Amino acid sequence: MIATGGRVDGGQAAAVVDVDRLSRHFQRPRSWLDRLANRATGPALRAVDEVSFAIPAGKTFALVGESGCGKSTLARTLVGLYRPTAGTVRYGGSGLHRQPVRGQVQMIFQDPFSSLDPRWRAAEIIAEPIRALRLRPADAVAARVDELLTLVGLSPEDARKYPHQFSGGQRQRISIARALAGEPRFLVCDEPTSALDVSVQAQILNLLRDLQVRLGLTYLFISHNLAVVRHVADEVGVMYLGRIVERAETRALFEHPRHPYTRMLLASVPDLGRRGAPRERAAGEVASLRNAPTGCAFHPRCRQATERCRSERPEARPAADAPDTVVACHLVD
């Protein structure tokens with residue numbers, strides 16, 4: 001179900017994470033010509049622009065969209081690597097960026113080759129959150145590291161190895177163990193399998209699913225792979241140029257996409273069962289945030305765009321025939 005205001009519709013369960021009109025803007029740096037003429041910088045780049053969603057406990061909310069749509073910026077804002085320009089992020093009723101809850105929010109990064117310090121052994125990498133958050137006495141840290149290595153499918157003997165001694169899949173398991181070391185309830189998974197071989201991707205996805213069930217974790221899962229999203233997510237948000245243009249339960253979104261951009265993404269997925277069927281081909285590329293289109297940001301690529309789309313930005317609202325689906329599109333209205 002779509003969650004709003006910290007609760008799932010119908011009042012069934014409290015949301016672990018509640019994001020309300022969150023924005024993250026970046027100020028453009030001044031060029032040498034601007035500095036010479038003493039000109040101010042131009043408009044801020046709206047990497048994340050008034051995004052709202054909530055994730056119930058134990059569920060997975062997935063974000064999809066092309067590169068440059070703001071998914072990773074949103075993820076880094078949620079875990080506190082960036083501070084919000086506007087809007088709020090609440091975790092169990094408290095601001096995510098307050099120190100008492102920070103240990104309960106962790107992130108798994110996209111590239112296991114660059115996200116681990118090559119000078120540290122696996123034991124030091126995993127133990128760092130435990131020591132920083134003071135989760136165990138000093139004499140119990142090593143035992144906790146061994147426990148976490150076993151939990152992610154590695155051996156306690158691996159604690160003495162350096163990152164370069166592991167394969168890509170094993171490095172991502174160490175990244176997962178490091179995230180779990182902070183004893184989180186909420187994990188942000190920023191394309192955790194995109195840098196891995198296909199066979200290894202399945203292993204990591206199965207591990208994440210098992211950990212979610214065993215530990216009661218809540219996930220924000222970011223991916224370009226729509227097949228993976230369909231497999232792991234309970235609810236999906238489609239992001240374009242900093243905004244969520246469609247949000248729906250996974251089955252509803254894949255079976256009945258409403259926004260033209262969502263339909264374009266799904267049409268681009270190879271499907272042998274649709275040989276000969278007409279496809280809604282991708283048109284153009286994602287616009288630059290430096291020159292974001294007026295009105296609906298997707299209108300330059302939309303074959304159904306009207307004059308209203310070019311001048312008026314659509315607001316996200318529930319679809320008339322499906323209240324659990326939220327769409328920002330004049331055509332759906």
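A nonpolar core is a set of buried Ala, Val, Leu, Ile, Met, Phe, Trp, Tyr and Cys residues joined through side-chain atoms within 4.5 Å, where buried means under 20% relative accessible area with a 1.4 Å probe and protein chains only. The model is predicted, so that local features need pLDDT of at least 70 and side-chain atom pairs count only at pLDDT 80 or more, while totals for chains, interfaces and linings use all residues. Residues are numbered from 1 along each chain as its sequence is written, and side-chain values use heavy atoms, with hydrogens and water left out.

**Exercise 1.** Find which residues of the largest nonpolar core touch the most other members.

*Solution.* Begin with the core itself, which has 58 residues, and in which I176 and Y261 touch the most other members. Next, ask where its residues come from: at least three are drawn from each of domain 1 (15-30 + 41-104 + 185-254) and domain 2 (108-183), the bounds coming from an automatic or database domain assignment. Then turn to Y261, whose contacts (heavy atoms within 4.5 Å), not counting residues up to four places away in sequence, are G65, E66, C69, V238, M239, Y240, V245, F298 and R301. Another core, of 24 residues, lies apart from the largest one and has V19, F61, L78 and I222 among its members.

**Exercise 2.** Work out the strand order of the open sheet of eight strands, and then look at the link between β11 and β12.

*Solution.* Strands are DSSP runs of E of at least two residues, numbered from the N terminus, and two of them pair if DSSP finds at least two bridges between them. The order is β8-β9-β10-β5-β11-β12-β14-β13, with mixed pairing. At the edges stand β8 (105-108) and β13 (317-319), each of which pairs on one side only. Within the sheet, β11 (residues 235-240) and β12 (residues 243-249) run antiparallel and are joined by six bridges; M239 has I244 as its bridge partner in β12.

**Exercise 3.** Locate E191 and L241, and decide whether each is buried or exposed.

*Solution.* Most residues other than glycine have a negative phi. For E191, however, phi is near 45 degrees, a positive value, and the residue is found in the loop between β9 and α7 (198-215). E191 counts as buried because its relative accessibility is 8%. L241 likewise has a positive phi, near 45 degrees, and its place is in the loop between β11 and β12. With a relative accessible area of 7%, L241 is buried.

Technical notes. Buried < 20%, exposed > 50% of the residue type's maximum accessible area, 1.4 Å probe, protein only. Helix = DSSP H or I, 4+ residues; strand = E, 2+ residues; numbered from the N terminus.
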